[in-house]
Amino acid sequence: MKIKDVKDSFGKFFNTFKIKREEILPSLFILVLMSALNVLALSKYYVAFSKTHQAIWGLFVKYYRVSGFDPITYCILTEWEPKYNIYRHPLLAFFEYPFYLLNTGLTMLFDKNMAQVIVAVLLVFFAYYTWIFLYRILREIIGLRRSDSVLLSMFFYSFGYVMLTLMVPDHFAVSMFMLVTCLYVCGKAIQKGKQLAIWQTWVIFIITAGTTLSNGIKVFLDVLFVNKKRFFRPKFIILAVIVPCGLIWSFARWEYEEYEAPRKRAQKQKKLAAAKKEDAKMFALFKDTTSLTDSTQIAKAFNKLKRRKMYEKYVADHKQPWHAHKGTPMGKGEFMQWTDETTSRTDALVENIFGEPIQLHKKYLLDDVLRGRPVVVRYDNALNYVVEGIIVLMFLAGILAGLRSRFFLMVLAGVSFDAFIHLGLGFGLNEAFIMSGHWIFIIPIAIACLFRRAQGMWLVFLRSMVLVMACFLFAYNITLLTDYFL
């Protein structure tokens, strides 16, 4: 590996962010749209969240309610700490550290917490360049004409949870941007017959997996499709796969022991002390009110009362949405606790995977499953199911049309991993819609493969259907988003 080659590679990568002439006008629409939507989202909480000297975690997490998204980014930009789940997002808090410094300076300057504003600017950036790279995938790699590439890219941005993902302070917008960018970079490498070097794989993996660990699997799948048999060379497996995985896991372990373990120990001690104090208070009250006089009988009766109250609390807790809507996990542990073997896969597929991410549900609009929204919400209007059915049919036909494309098989392999963890393991299945940013870009890419194969009146028909769907979805979803945030 030569230093000059690394510099050239980085130079070429940064040149990909230059906007081409044919992209300027359509991308301006996305820039204006996403800027307006982020201002809309900002307005809902700005007065409360811009105040300084507040109890940060309680303020943001307690009062921010947009579906199941978490405002942890606001917390980190206000008072820096690795507050994300460390094993799932090992480097994300560190990536955000420069923006914490920026927010600290702006807060001192304006006496306002500017975390929301900084996040909104970043989200508009991710929204803009996600559109740019998706457009280029359709235009340069799949080979559609300009008008069709614009149509399908706009169609993608009409999806409810595409717009919403790019409006909320969670990690999904970052992941979607990185995954689409990675697909574009790998697609161009396939197109040019080039290989990804070990150091390039390192860079892509560390940034992408550091944001969301499961995305690292997709990076390796992408590199496998680019490098083909060369991926399995011992040197590449050891240096490009095993070593970075070991490093990022070791860093996550250190991060956990340094930041999370002390906090958990302190919380446990605090909880034990509070429970001991409450027990003493309850015992004193029981002793004052009971007719028993023998100390042994008093203790025995109190323990019986205590066990009954613990059972009542257990039953009451299991009726609460934050527990009842989780489904039964397949096992215990850091990762298996997120699985789900009881939630209906069919209902989840119809309503939470191909339903809500594309068309928002009017009932329980953007409510949180862990705060009261049912796991399965159905549309009142049959038209919504007609729209969903048409889009799913075009998507499935697109998969068949793209099976001969090495690039599309690469995209499909990554999304198959999402299907396995969501539908197979049930990971986050009760609120799968909030994770749609990790996979939903396959829909316009698959339909683009269908466009590529279609001819004559079939192509005209497909264009017309996508245009009608896009217009309907923009009107439908933006209306609901506006109603919610205003």
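This is a predicted model: local features need pLDDT of at least 70, side-chain atom pairs count only at pLDDT 80 or more; totals for chains, interfaces and linings use all residues.

Trainee: Where is Arg233 placed?

Mentor: Arg233 sits in the loop between α12 (215-227) and α13 (234-289).

Trainee: Which residues make the nonpolar surface patch?

Mentor: That patch is made by Ile24, Leu25, Leu28 and Leu31, and its area is about 350 Å². Leu31 belongs to helix α2 (residues 21-49), and its relative accessibility of 31% makes it partly exposed.

Trainee: Changing topic, how many disulfides does the structure hold?

Mentor: It holds zero disulfides. A disulfide is a covalent bond between the sulfur atoms of two cysteines.

Trainee: Now the salt bridges. How many are found in the whole structure?

Mentor: A search of the whole structure gives 14 salt bridges. One of them joins the side chains of Lys188 and Glu140, at 3.2 Å from N to O. This pair links distant parts of the chain, with Lys188 in helix α10 (residues 172-192) and Glu140 in helix α7 (residues 115-141), 48 residues apart.

Trainee: How accessible are those two partners?

Mentor: Lys188 counts as buried at 18% relative accessibility, whereas Glu140 is partly exposed at 22%.

Trainee: What does Glu351 pair with?

Mentor: Glu351 meets Arg378 in a salt bridge, at 3.6 Å from N to O. Glu351 lies in helix α16 and Arg378 in the loop between α16 and α17, so the pair ties together parts that are 27 residues apart in sequence. Glu351 is buried, at 1% relative accessibility, while Arg378 is partly exposed, at 42%.

Trainee: Which residue forms a salt bridge with Asp380?

Mentor: The partner is Lys363, and the closest N and O atoms are 3.3 Å apart. Both Asp380 and Lys363 lie in the loop between α16 and α17, so this bridge ties together parts that are 17 residues apart in sequence. Asp380 counts as exposed at 64% relative accessibility, and Lys363 is partly exposed at 36%.

Trainee: On to the backbone. What is phi for Ser67?

Mentor: Phi of Ser67 is near 55°, a positive value in a residue other than glycine. Ser67 lies in the loop between α3 (56-63) and α4 (72-78) and is buried, with a relative accessible area of 2%.

Trainee: And what about Leu366?

Mentor: Leu366 also has a positive phi, near 55°. Its place is the loop between α16 (345-353) and α17 (382-402), where it is buried at 2% relative accessible area.

Trainee: Lastly, where is Ser295 found?

Mentor: Ser295 is in helix α14 (residues 295-319) and is exposed, with a relative accessible area of 55%. Its C-alpha atom is separated by 57 Å from that of Val47, 248 residues away along the chain.

How values were computed:
Residues are numbered from 1 along each chain as its sequence is written. Side-chain values use heavy atoms; hydrogens and water are left out. Helices (H or I, at least four residues) and strands (E, at least two) are DSSP runs, numbered from the N terminus. A disulfide is a pair of cysteine sulfur atoms within 2.5 Å. Buried means under 20% relative accessible area, exposed over 50%, partly exposed in between (1.4 Å probe, protein chains only). Patches are made of residues with over 30% relative accessible area and no salt bridge: like charges are joined within 9 Å, nonpolar side chains (Val, Leu, Ile, Met, Phe, Trp, Tyr) within 5 Å. Accessible areas come from the Shrake-Rupley method with a 1.4 Å probe; for residues, only the protein chains shown count as cover. A salt bridge is a side-chain nitrogen of Lys or Arg within 4 Å of a carboxyl oxygen of Asp or Glu.
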